[in-house]
Amino acid sequence: ESYTFLAYASFVTKSANIKQNYQVIIRNFRAGDSSAFKYGSQAQNIVLPYAMHNIDIHYAALTYENIHKTRDSYWLKGFDTKWSAWRTQPESNFTNLPEGKYTFMVKARNVYGKESQINSFSFQILPPWYRTWWAYTVYILVSIGVIGLIAWLNSRRLIRQKVVLEQIVRE
């Protein structure tokens with residue numbers, strides 16, 4: 001099973017205005033070992049099974065002047081405690097994420113030091129089956145059953161011992 005979603009950006013023309021706002025688009029989001037799903041505006045609150053807890057996210061800043069000097073920073077809320085250092089690699093990889101709710105946020109800084117608008121999306125990784133509420137319910141029921149079985153077997157043993165002792169007393 002794989003999840004894929006794609007973002008389409010309308011490209012703007014190069015501007016001489018260094019204060020012009022620009023965006024960072026999330027190009028694709030890859031969950032697990034399967035093919036990427038392409039990110040779009042509808043991709044909010046994605047729910048992934050625990051088997052897909054390895055995440056790759058690729059993004060791009062929509063600025064066109066000296067793009068090799070554009071830096072980005074990301075923050076995976078729910079996992080990281082703060083924004084990452086500014087870097088030139090437009091992708092983020094997370095392996096073995098625990099179950100939980102996450103919000104991925106990314107921003108860029110162009111050659112003029114102007115920061116982009118923050119782009120974000122949310123996703124959730126479900127716990128593995130053995131850490132779900134119904135699994136804990138089964139664990140409790142099985143434990144109660146085992147305790148009951150041990151008590152029943154012990155009482156049977158005591159009854160047999162009582163019968164043997166009564167026979168010894170009669171003799």
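**Ground rules.** I number residues from 1 along each chain as its sequence is written, and I use heavy atoms for side-chain values, leaving out hydrogens and water. The model is predicted, so local features need pLDDT of at least 70 and side-chain atom pairs pLDDT 80 or more, while totals for chains, interfaces and linings use all residues.

I looked up the strands (DSSP runs of E, at least two residues, numbered from the N terminus). Four of them form an open sheet in the order E3-E8-E7-E5, with mixed pairing. Strand E3 (46-48) and strand E5 (71-77) stand at the edges; each has a single partner strand, so one side of each lacks a neighbour in the sheet. The twist averages 25 degrees from one strand to the next. Pairing requires at least two DSSP bridges between two strands. E3 and E8 pair in the parallel sense over three bridges. I found Leu-48 opposite Ile-125 in E8.

**Strand E1.** Next I checked residues 24-31, strand E1; six of its eight residues are buried. Buried means under 20% relative accessible area, exposed over 50%, partly exposed in between (1.4 Å probe, protein chains only). E1 pairs with strand E4 (residues 55-61) in the antiparallel sense over seven bridges. Asn-28 stands opposite His-58 in E4.

**Trp-129.** Is Trp-129 buried or exposed? I note it as exposed, because its relative accessibility is 56%. Trp-129 lies in the loop between strand E8 (119-125) and helix H1 (133-170).

How values were computed: Helix = DSSP H or I, 4+ residues; strand = E, 2+ residues; numbered from the N terminus. Axes fitted to C-alpha atoms, helices over the stretch in contact; angles between N-to-C directions.
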